[in-house]
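Subject: Structure handover

Dear colleague,

I am passing on the structure below, together with an account of what was found in it. Please read the text with the structure open beside you.

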Amino acid sequence: MSVHFEERSGIVPCQTPWGVWYQTMEEIFIEVNVPPGTSAKEIKCVLQSKQIQLSVKGREILKGKLFGTTVADEGTWTLEDRKLIRIVLMKTNREAGNCWQSLLEGEYCANAWVQDQMQRKLTLERFQRENPGFDFSGAEISGNFAGGGPDFSNLK
């Protein structure tokens, strides 16, 4: 990690029937609402580089091929307050242009507006990393931001 970027600032959540998912340049965050009083023993969570499987009390909640590749041994899940499962996946491609369009291939897709806002956020995150002395917390971005924004690497 180069420069800390507050992932909760301006997150762009993608709503799902079971909760939300959102992303930074480096990570995918999944928040799953479960019945209050759920214990960790009732949860089965398998995190692989291209697959995810989550069941609670024998009921399948998430299962399928991830939109992108993750670092399998760096994925974690936690149960918070016995009512929220939080899963964190580390992307293998950590470029601003790697904005996942959906959580799973063909499922839990971000609509066009949410996808646009996610891409804007990742582009701002990229600018923050490239310019650590500047505060981009209140910045707005317009124009060429798709695919991580313009490439300024050849300008010196």
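**Strand 8 and its partners**

Strand 7, which spans residues 76–80, runs antiparallel to strand 8, and five bridges join the two. Please keep in mind throughout that this is a predicted model. Within the pairing of these strands, Glu 80 stands opposite Leu 84 of strand 8. The hairpin that strand 7 and strand 8 form has three residues between the strands, and in it Asp 81 takes a positive phi near 55°.

Strand 8 also pairs with strand 3, again in the antiparallel sense, and here the pairing extends over seven bridges. One of the facing pairs is Phe 29 with Val 88, the latter belonging to strand 8. Six of the seven residues of strand 8 are buried, so the strand is largely enclosed by the rest of the structure.

In soluble globular proteins, nonpolar side chains tend to be buried together. The largest nonpolar core in this model has 31 residues, and those with the most contacts inside it are Trp 21, Ile 30, Leu 54, Leu 62, Ile 87 and Leu 103. The elements that give two or more residues to this core include strand 3 (27–33), strand 5 (51–56), strand 8 (84–90) and helix 1 (112–130).

Leu 54 deserves a look of its own: leaving aside its neighbours within four places in sequence, Leu 54 is in contact with Val 32, Ile 43, Lys 44, Cys 45, Arg 59, Glu 60, Ile 61, Leu 62, Ile 85 and Ile 87. Ser 55 lies in strand 5, and with a relative accessible area of 12% this serine counts as buried, because the cut-off for that class is under 20%. Once neighbours within four places in sequence are left aside, the contacts of Ser 55 are with Glu 42, Ile 43, Lys 44, Glu 60 and Ile 61.

**Salt bridges**

Side chains of opposite charge can pair when their charged atoms come close. The count for this model comes to eight salt bridges. One of them joins the side chains of Glu 31 and Arg 86, at 2.4 Å from N to O. This pair links distant parts of the chain, with Glu 31 in strand 3 and Arg 86 in strand 8, 55 residues apart. Glu 31 is buried, at a relative accessible area of 12%, whereas Arg 86, at 21%, counts as partly exposed.

Another salt bridge connects Arg 120 with Asp 116, whose closest N and O atoms are 2.8 Å apart. Both residues lie in helix 1, where Arg 120 and Asp 116 are four residues apart, or about one turn of the helix. Arg 120 is partly exposed at 22% relative accessibility, and Asp 116 is partly exposed at 24%.

Helix 1 also holds Glu 125 and Arg 129, likewise four residues apart, about one turn of the helix, and their side chains meet in a salt bridge of 2.8 Å from N to O. Here Glu 125 is buried, with a relative accessible area of 1%, and Arg 129 counts as buried at 14% relative accessibility.

With best regards

Conventions
Residues numbered from 1 in each chain as written. Predicted model: local features only at pLDDT ≥ 70, side-chain atom pairs only at ≥ 80, totals over all residues. Heavy atoms only, no water. Core = buried A, V, L, I, M, F, W, Y, C linked by side-chain atoms within 4.5 Å. Buried < 20%, exposed > 50% of the residue type's maximum accessible area, 1.4 Å probe, protein only. Contact = heavy atoms within 4.5 Å. Salt bridge = Lys/Arg side-chain N within 4 Å of Asp/Glu carboxyl O. Pairing = 2+ DSSP bridges.
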